Structure formats: C-alpha cells, structure tokens
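Try each one before you read its solution.

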Amino acid sequence: MKFLHTSDWHIGKTLKGRSRLEEQKDVLKEIVDIASREAVDAVLIAGDLYETSSPSAPAQQLVVHALIELRKTGAEVIAMAGNHDHAITFDAYRPLMAAAGIHLLGQARPAKSGGVVSFAARSTGETVNVAVLPFLTTRYAVRAAELLLNTPAEHAAAYDQQVREMIEHLKTGFSDGAVNIMMAHLTIIDGKMGGGERAAQTIFDYYVPATAFGADPHYVALGHLHRRQQMPAPCPVHYSGSPIAVDFGEEENDSVVLLVEASPNTPATITEIPITKGRRLRTIHGTVASLAANADSYGDDYLRVVVEEPTRAGLRDEVVDLLPNALEVRVDPSFAAQTAAPVIPDRSNQSPIELFSEFCKERQISDPRLETLFAQLLDALTSSDSGSS
C-alpha cells in the first residue's frame with residue numbers, strides 16, 4: 001500500500017511583506033496531483049498547515065480546499081496541528097472535517113478516542129493504524145513548579161519521558177497483521193533545521209531521540225523541521241521537510257513529498273518526489289554593475305541581494321529598480337563603513353547635580369527651574385530625616 005507524507009505547508013506565510021498565496025496554491029495543487037497519480041491509500045500531513053495560529057480567511061480557504069481535493073482522490077486524509085497551528089480550533093472543526101471524510105486532530109488524544117486512526121487500505125484491503133501525536137508545548141510535559149525548581153537538564157528529561165509515555169500509549173492502538181504508522185510534530189535529537197523555523201520553538205532543550213519510537217512502527221512521519229531528512233532509528237523515521245522554501249535560509253533545501261510503500265510484513269520504502277511549483281529563493285552577490293549585467297538570468301526568483309560596494313544614499317532603491325524581485329538588499333560587511341565604538345566618558349567622580357545638568361545639556365533642555373526642582377528632590381530623598389515623616 002502507498003502513503004504520501006508531507007508537512008510544514010505554512011500557508012499564509014509572507015516573505016518580506018510579499019504574499020505567496022498564489023505560489024502556495026500551486027504547490028498544494030501539485031501535491032493533490034501527485035496523490036491522484038500515485039493512487040495513494042492515505043495522505044499524512046504532519047503539522048504546520050498554517051503559518052500562524054490565526055490564519056487569514058484566504059489561507060483557511062486554501063487549506064480546506066486542498067484537504068477536500070486530497071480526499072476526492074480516494075485517499076484517507078490525516079492531518080494534525082503543529083506548533084504554528086491553533087490546536088483548539090482544529091479540534092473545533094474536527095466533526096465537520098470528519099463529515100467530509102477527513103481526519104483532523106488538534107491536541108493529543110487517547111488511542112481509543114481518535115488518537116489512532118484505523119482504516120482498510122483501498123489498494124489491498126489490509127488494516128492500517130495511524131497513531132497521531134500533534135505538537136506538544138512544554139507546559140504539557142513540565143509542570144510550573146518543576147520549571148521553577150528543576151534544572152534545564154531535568155526539564156528536558158521530563159519532556160522526553162512524557163513524550164515516550166505518550167508514544168507507548170498510542171502504540172497500544174497498533175495491531176498484528178496491519179501496517180502501523182506513527183505521525184508526530186516534534187524535534188528529534190541531531191535533526192537539522194531547515195533554516196526558516198522559529199528558533200524559540202526548535203532550539204529549546206525539549207526534544208526526543210529517534211529511538212523513542214521503538215521498532216514497532218512500519219514508518220514514522222515527522223513534521224516540524226523544514227529540511228527533508230531521515231533520522232537513524234530501529235524503524236524508518238523521516239522528516240518530509242517543507243514543500244516550499246519559507247525563507248531565504250531554506251533556499252538550498254530540496255522541496256519534496258515522500259511516497260511511502262509498506263506492507264504488514266516488510267519495512268517501508270521511501271521515494272522522494274520533487275515539488276516543482278513555487279518560486280525559487282536565491283541570494284546573489286555583486287556590484288550594481290554586475291547585477292545589472294546578469295539581471296535577465298535571475299528570472300522570476302525572489303532575491304536577497306548582497307551589494308559588494310560601499311553604501312550610499314539611494315542604493316537600495318537603485319537595486320530594487322534594477323531587480324523588482326529583490327526582497328532584501330544589504331551591503332556586504334567588507335564594504336560597510338567602519339564606525340568606531342562610542343567612547344563613554346568616566347563620570348564616576350561627578351555628583352548627581354552635575355550628572356543631571358549634563359543630561360539636560362545633551363537633551364538641549366535649558367530651564368533653571370528644572371535643575372532647582374531636581375536639587376530639592378535630591379535633598380528630600382537623601383536627607384537624614386527623609387524616612388521619618
């Protein structure tokens with residue numbers, strides 16, 4: 001049987017103020033076309049469908065349409081919340097999505113209450129069990145008192161233990177003679193970030209080793225890190241990566257979806273299918289003259305331009321006029337003007353009155369009454385009987 005693994009769509013993400021909804025629409029259509037062409041039994045969407053927890057109406061319309069179109073291919077559609085999504089809203093729409101044949105999970109659920117999605121594969125009739133572990137914030141694993149009293153290493157250990165226990169619980173929904181799959185949105189030890197993730201939600205010390213999943217799953221479909229990568233583990237553990245580069249830090253990433261083939265008696269095999277839609281992100285270097293000479297070669301790419309000449313008034317406007325798709329313009333540090341660090345005068349021997357007087361002069365404040373008032377307040381605060389009134 002076949003599965004399509006994708007994650008980290010980040011629909012609604014803008015780039016330097018530029019909307020990318022049309023690109024995202026094209027990417028999602030390509031994913032739908034792949035699911036239809038490959039006649040997959042299920043599509044696994046491992047979190048971060050949206051860029052923010054309060055997506056715009058157009059972004060929501062795009063995601064809902066894509067989920068419905070994926071379901072129309074005949075595949076089971078299983079999607080869960082990532083750290084960018086609003087888990088409670090996902091669960092609010094869960095019954096409505098279920099009516100359309102779409103399995104949507106916002107928060108972690110017990111295995112027998114929707115945490116494991118089971119169905120018969122349309123290609124073979126065999127049973128498939130998909131255990132779903134949406135993104136877990138640290139507050140679900142580490143209590144407030146522990147945050148105050150324990151060390152960072154103890155916090156990390158507590159998170160690791162809690163996640164392991166949830167994984168073991170969800171695996172109670174697995175069965176013999178079936179294909180058993182785990183979906184999770186989290187950070188794995190030694191996983192490489194794609195370059196566009198929010199640092200605060202990935203580089204904290206809360207992660208688990210890939211071995212936490214054990215050898216039971218036929219496949220583990222991960223989301224959260226935007227770089228496509230396989231993690232060393234007793235079973236196949238894979239990040240699909242984002243199907244579109246979300247920022248210039250991801251311009252070298254391969255945008256793919258993963259075609260997973262498995263049977264109850266054999267380990268899964270994985271094939272990368274490239275995503276060709278979406279505009280390329282590219283960082284280019286050069287003088288204004290060399291950039292002008294190569295302007296035609298940049299095509300429709302979004303550009304981050306590093307200018308290799310000293311800054312001057314109007315330089316950015318000149319580059320943007322030359323390259324309308326330049327979303328970011330910066331001067332190469334080797335050409336940036338060197339500025340000496342400001343010298344801070346030693347004022348340790350000056351009285352508060354003298355310091356206040358200099359402060360007023362620096363701010364171009366000239367009012368003897370203000371200095372008199374300051375002197376009176378200072379005297380009142382420092383007087384020996386100021387605390388006896």
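**Exercise 1.** Is Phe-359 buried, partly exposed or exposed?

*Solution.* A note before we start: this is a predicted model, where local features need pLDDT of at least 70, side-chain atom pairs count only at pLDDT 80 or more, and totals for chains, interfaces and linings use all residues. Residues are numbered from 1 along each chain as its sequence is written, and side-chain values use heavy atoms, leaving out hydrogens and water.

Step 1: learn the scale. Buried means under 20% relative accessible area, exposed over 50%, and partly exposed in between (1.4 Å probe, protein chains only).

Step 2: apply it. Phe-359 has a relative accessible area of 38%, so it's partly exposed.

Step 3: find its place. Phe-359 sits in helix α9, residues 352–362 (helices are DSSP runs of H or I, at least four residues, and strands are runs of E, at least two, numbered from the N terminus).

**Exercise 2.** Which residues touch the most other members of the largest nonpolar core?

*Solution.* Step 1: define the core. It's a set of buried Ala, Val, Leu, Ile, Met, Phe, Trp, Tyr and Cys residues joined through side-chain atoms within 4.5 Å.

Step 1: pick them out. Of its 33 residues, the answer is Leu-4, Trp-9, Ile-31, Ile-45, Leu-49, Leu-67 and Leu-70.

Step 2: look for suppliers. Elements giving at least two residues each include α1 (21–38) and α2 (57–72).

Step 3: look elsewhere. A second, separate core has 25 residues, among them Val-208 and Met-231.

**Exercise 3.** How many helices and strands does the chain have?

*Solution.* Count 10 helices and 15 strands. Of the 389 residues, 46% count as buried.
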